[in-house]
Amino acid sequence: MSQPRTDLAPGRFPADFTWGTATAAYQIEGAVREDGRGVSIWDRFSHTPGKTHNGDTGDVACDHYHRWQGDIELMRRLHVNAYRFSIAWPRILPEGWGRVNPPGLDFYDRLVDGLLAAGITPWVTLYHWDLPQALEDRGGWPNPDTSKAFAEYADVVTRRLGDRVKHWITLNEPWVVAFLGYFTGEHAPGRKEPESYLPVVHNLLLAHGLAVPVIRENSRDSQVGITLNLTHAYPAGDSAEDEAAAKRLDGFMNRWFLDPLFTGGYPRDMIDVFGSWVPSFDESDLGVIGAPLDFLGVNYYSPSFVQHSEGNPPLHVEQVRVDGEYTDMGWLVYPQGLYDLLTRLHRDYSPAAIVITENGAAYPDEPPVEGRVHDPKRVEYYASHLDAAQRAIRDGVPLRGYFAWSLMDNFEWAFGYSKRFGLYYVDYETLERTIKDSGLWYSRVVAEGQLVP
Ligand SMILES: N=[N+]=NCCCCNC(=O)[C@@H]1[C@H]2[C@H](O)[C@@H](O)[C@H](O)[C@@H](CO)[C@@H]12
């Protein structure tokens, strides 16, 4: 059990803390038709009129595919000792399974070697939403064959990179993949099939569980985890009804994933709430899904305040907008939510380790003036959330690392290029990167291992 770190002065982080920054393939790479890359569901979705802001696509994005060496220099300037990125499944297996595309593997091989040469540890996310369209055409995540295809993809990648990459994240945010992709249709593949939601969640978790032993076999002595977007749920009022509503939202957003991963099965109270939506599956799936993990990746941006609702079946929950600061995404700035989430995870699930795999904020940054981008709100967001993380460590949470989202401004999914999360500003005309004040501040925090003014 992790012990309180009362030896740490306020604002100081452990000497062996992992300091990183994070991106994802479809959001930064571009080069979508280069070197044999296959089509992904985000290529198809972003090229479908009306699906993304301004019709933006990831065709070019930040052109990281051609600028990756310069981008490693950007990371060195931040003094980070780790970099979290995702591998584009369609570059590796253009049809999703079967035929391997060697130039796709070669790109990531060069990237990994470049990172290691720069003293930066690669943390690889295998799936960050860019499913090969060929698999979607065969049913997509509602089809359990996709789970098997994911395990095959994990095998191909970890055979090639597993000798040098020792930190693996199977999936990024299965809740977003399932709910936005197959329930609301806000994300690729844009399907609005409520009845598909829970089967998709199950098949994603199964894909994760099938991949874990494959990764361990091909990448000996590696650390394997999964990244979840976890939303700490607060009751908006002090009524028993609002408390119960918060418990249901917690069940929907958090426990439906955490329980099968860490406690052997889906939460009983939510099985009753979801009723006939709960898919039938082999009990043996739960043993696969519950494969032991070395860390839990947590993406935290903002919590939720909720009240009971007579409507909105079956959850009967209504989000409440509380007073406070909000980011350009309309997300409440609430660092205490990160502290409360981390201490709850430690108390209720006691993962071997926790890593904040994403935390950051979008603000409407102005273009550089004399080489500077002043983003004081983003500096404050990072400072307040890192303070919350440090307090959690002092109180005994086994928090081992932090990845700022994101290295640079990039394609923000359905919001296209209208939302800027980067520590570096990207001019999408010239693709020039300019460090923001938040990047300069973060580089000092990382270099000193503690919060700085
Ligand atoms: N309805 N609704 N939904 C709210 C859902 C919020 C969850 N979105 C995230 O956490 C995404 C995560 C993603 O990994 C990254 O690829 C995205 O760029 C960031 C920023 O958006 C975050």
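Buried means under 20% relative accessible area, and exposed means over 50%; partly exposed lies in between. The model shown here is predicted.

Q: Why is Arg344 called buried?
A: Its relative accessible area is 10%. The cut-off for buried is under 20%. Therefore Arg344 counts as buried.

Q: Where is Arg344 found?
A: Arg344 is part of helix H13, which spans residues 335–348.

Q: What makes the link between the side chains of Arg344 and Asp250 a polar contact?
A: The two side chains are joined at 2.8 Å. The limit for such a pair of N or O atoms is 3.5 Å. Asp250 is also among the residues that Arg344 touches, including His232 and Tyr349.

Q: Why is Glu34 called partly exposed?
A: Its relative accessibility is 28%. Buried needs under 20%, and exposed needs over 50%. Glu34 therefore counts as partly exposed.

Q: Where is the place of Glu34, and which residues is Glu34 in contact with, leaving aside neighbours within four places in sequence?
A: Glu34 sits in the loop between helix H1 and helix H2. With those neighbours set aside, its contacts are Tyr65, His66 and Arg91.

Q: How do you know that E4 and strand E5 pair?
A: Pairing takes at least two bridges. E4 and E5 have four, in the parallel sense. Trp168 stands opposite Val224 in E5.

Q: What makes strand E4 mostly covered?
A: Six of its six residues are buried.

Terms used: Residues numbered from 1 in each chain as written. Predicted model: local features only at pLDDT ≥ 70, side-chain atom pairs only at ≥ 80, totals over all residues. Heavy atoms only, no water. Helix = DSSP H or I, 4+ residues; strand = E, 2+ residues; numbered from the N terminus. Buried < 20%, exposed > 50% of the residue type's maximum accessible area, 1.4 Å probe, protein only. Polar contact = N/O pair within 3.5 Å; in protein donor to acceptor, adjacent residues only side chain to side chain. Contact = heavy atoms within 4.5 Å.
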